[in-house]
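Hi,

Here is the structure I promised to pass on. Have a look, and then read my notes below.

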Amino acid sequence: MGRDKEENEDLIKYAWPQDVWFHVDKLSSAHVYIRLPPSIPSWENIPQALLADCAQLVKANSIEGNKKNNLQIVYTPASNLKKTGDMAVGQVSFHRHDK
């Protein structure tokens, strides 16, 4: 988990393509990554309890998000993260928004 924008940047840089990235949608938050074990064949098969744990981590580590009752958490394979040179430290976008 990245606790600030510099740590988030390192996680973006060193993530494996099959890692799964979690973030509070449209707010500043920690980046949480999970590395899937062989028992979970793809990011679409992550157990609900693990999804909930990751969502709680990013919410708890968002200054604005932890005060809200209803917010969206986004998650996607790290291979879908897009980082360009003009983006701020720790900021990412997506190659595909439907993934």
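Ile46 touches Val20, Phe22, Ile34, Leu36, Ile40 and Leu51, leaving aside residues up to four places away in sequence; contact here means heavy atoms within 4.5 Å. This is a predicted model, where local features need pLDDT of at least 70, side-chain atom pairs count only at pLDDT 80 or more, and totals for chains, interfaces and linings use all residues. Residues are numbered from 1 along each chain as its sequence is written, and side-chain values use heavy atoms, with hydrogens and water left out.

The largest nonpolar core has 13 residues, and Val20, Phe22, Ile34, Leu36 and Ile46 touch the most other members. Such a core is a set of buried Ala, Val, Leu, Ile, Met, Phe, Trp, Tyr and Cys residues joined through side-chain atoms within 4.5 Å; buried means under 20% relative accessible area, exposed over 50%, and partly exposed in between (1.4 Å probe, protein chains only). A second, separate core of 7 residues includes Ile12, Trp21, Ala78 and Val92.

Now to strand S1, where 5 of 5 residues are buried. (Strands are DSSP runs of E, at least two residues, numbered from the N terminus.) Val20, Phe22 and Val24 point one way from S1, while Trp21 and His23 point the other way. S1 pairs with S2 in the antiparallel sense over 3 bridges, pairing requiring at least two DSSP bridges between the strands. S1 and S3 also run antiparallel, joined by 5 bridges. Val20 stands opposite Ile34 in S2 and opposite Pro77 in S3.

Cheers

Conventions. Helices (H or I, at least four residues) and strands (E, at least two) are DSSP runs, numbered from the N terminus.
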